[in-house]
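Please look through the sequence and the model shown below before reading on.

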Amino acid sequence: MTTLTTTAPHGVGRRGVVLVLVPLVAVLVLAPLLLALQVARVGTEPRDLEVGVIGPVVVSQAVVERGGGLPGDPFHAVVLAEDADPAAPVRAGLLAATVAVDFREDHNTLLVSSTLSPALVAEVRVRVEAISSSYGRSLVVGSVAPARSPDAWRGTPYAMVLAWVVAGVALAVGLSWWRGPLSATWRGAFRRTAALAASSVVVGLLVSLAVGALSSADVDVLRTGAVGAVTVAATAWLVLGSEALFGLWGLAAAVSLALCGAAPLLLATDAGTLPAPWSALFPWTVGGSALSLVRQDVFFGGGAGLRPVAVLVSWALLALLTLTAARRERLALVREASLRPGSRSAGPT
């Protein structure tokens, strides 16, 4: 009876470890450094930041139009009710900032979320101050803590997602080193996939529990842990799928891309302020979509919308499809080789 096996039954070996570690170290050092240099050179610029304007309707509308005409489209401004509480939508995470125009005072008031980076707050202040001065009014800036985890470090969600991405890479490389990129049987493939899924759930929950216990962040362990589990699993499956399709170079490339895509997490920089092409690409990555969900959950109790959920789940499904397609292709090649005259069948490992 002929038994089929993969072409790499004994894992990636020493050569594979070196091949993976070299780009891994290079990316860990170079990607954040290059991004930091790019941010320093280009500067931090808000893009489509959700801002509300409160005041007399005519004045509020004029301020919104003035903000919408600024170069680079820094604001997506909306008019709020004149008697609205300017801090409420910021505290709830519905808006990043509000501008209150009250003619009983000689200044306008800008309230920004404390979850924004200081560099972004500074840039927002410069632009709103320019608009206020054009009306002959000064600007007073205040900070609003989020409704949830008001005392938590603003970089907490970034650290959690980074830990999950790195864990996903580590699980994939470790499994590949131990057992190879593909199993010899479909049953074995299912067991490997299930084992990675179970490990991802454990890692997602452990990180959520650790952050909730060791910091002032109010973490919903189940909801945030679920995001972590999908993030770890999607990352691990993508790395293994790339190796299954392209061999050791695919493994090295996938590890490099996973860590390079996570570079903004190391800087704890708001995604909308990143220079091109990071600002456009990062929200569509595994790390970027997970960050949107975790940030909203930690600071505002959820409400990130369907897009980041769809992006994250789509990456996980794409990774599973890649693994399935790679296995079919690999087994077809092995089966073809086993039918050639003089070929020997190989047993599973």
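## A residue and its surroundings

Leaving out residues up to four places away in sequence, A97 touches E50, V51, G52, V90, L110, L111 and V112, where a contact means heavy atoms within 4.5 Å. This is a predicted model, in which local features need pLDDT of at least 70 and side-chain atom pairs count only at pLDDT 80 or more, while totals for chains, interfaces and linings use all residues. Residues are numbered from 1 along each chain as its sequence is written, and side-chain values use heavy atoms, with hydrogens and water left out.

A97 belongs to strand β3, which covers residues 97-101; helices (H or I, at least four residues) and strands (E, at least two) are DSSP runs, numbered from the N terminus. Of the residues that A97 touches, V112 is one, and although A97 and V112 are 15 residues apart in sequence, their C-alpha atoms are 4.3 Å apart in space. Is A97 buried or exposed? A97 counts as buried because its relative accessibility is 0%, given that buried means under 20% relative accessible area, exposed over 50%, and partly exposed in between, with a 1.4 Å probe and protein chains only.

In soluble globular proteins, nonpolar side chains tend to be buried together. A nonpolar core is defined here as a set of buried Ala, Val, Leu, Ile, Met, Phe, Trp, Tyr and Cys residues joined through side-chain atoms within 4.5 Å. The largest such core has 46 residues, and the members that touch the most other members are M160, V161, W164, V227, W237, L265 and V294. At least two residues of this core come from each of α5 (156-179), α6 (186-214), α7 (221-261), α8 (263-267), α10 (286-300) and α11 (306-338), and the largest share, 11 residues, comes from α7. Apart from neighbours within four places in sequence, W237 is in contact with T193, L196, A197, A316, A319, L320 and L323. A second, separate core has 14 residues, and A97 is included in it together with L120, V128 and L139.

## Pockets and cavities

Rolling a probe the size of a water molecule over the atoms shows where empty space is left. On a 1 Å grid over the protein atoms alone, a cavity is a set of points where a 1.4 Å probe fits but cannot get out, whereas a pocket is an open set with protein on both sides within 12 Å along at least five of seven lines, and lining residues have an atom within 4 Å of a point. Grid points are joined across faces, edges and corners, and a volume is the space filled by probe spheres set on the points. For the classes in the table, Ala, Val, Leu, Ile, Met, Phe, Trp, Tyr, Cys and Pro count as nonpolar, Asp, Glu, Lys and Arg as charged, and the others, Gly among them, as polar.

| Space | Volume | Lining by class |
|---|---|---|
| Largest pocket | about 900 Å³ | 16 nonpolar, 11 polar, 6 charged residues |
| Second largest pocket | about 550 Å³ | 16 nonpolar, 6 polar, no charged residues |
| Largest cavity | about 80 Å³ | 8 nonpolar, 1 polar, no charged residues |

The largest pocket is lined by 33 residues, and L49, A271, G272, S292 and R295 lie nearest its centre. To this lining α10 gives the most, with 7 residues. The second largest pocket is lined by 22 residues, of which L257, A258, G261, T285 and W315 are the closest to its centre, and here α7 gives the most, with 9 residues.

The count of cavities of 30 Å³ or more comes to 3. The lining of the largest cavity is made up of V51, V53, V63, G67, F75, A77, V99, V128 and I131; V51 is also among the residues that A97 touches, and V128 is also included in the second core.

## Two positive phi values

Most residues other than glycine have a negative phi, and most peptide bonds are trans. D48, in the loop between α1 (13-42) and β1, has a positive phi near 50°, and S149, in the loop between β5 (138-144) and α5, also has a positive phi near 50°. D48 is exposed, with a relative accessible area of 52%, whereas S149 is buried, with a relative accessible area of 4%.

## The whole chain

The protein chain has 11 helices and 5 strands, and 47% of its 349 residues count as buried.
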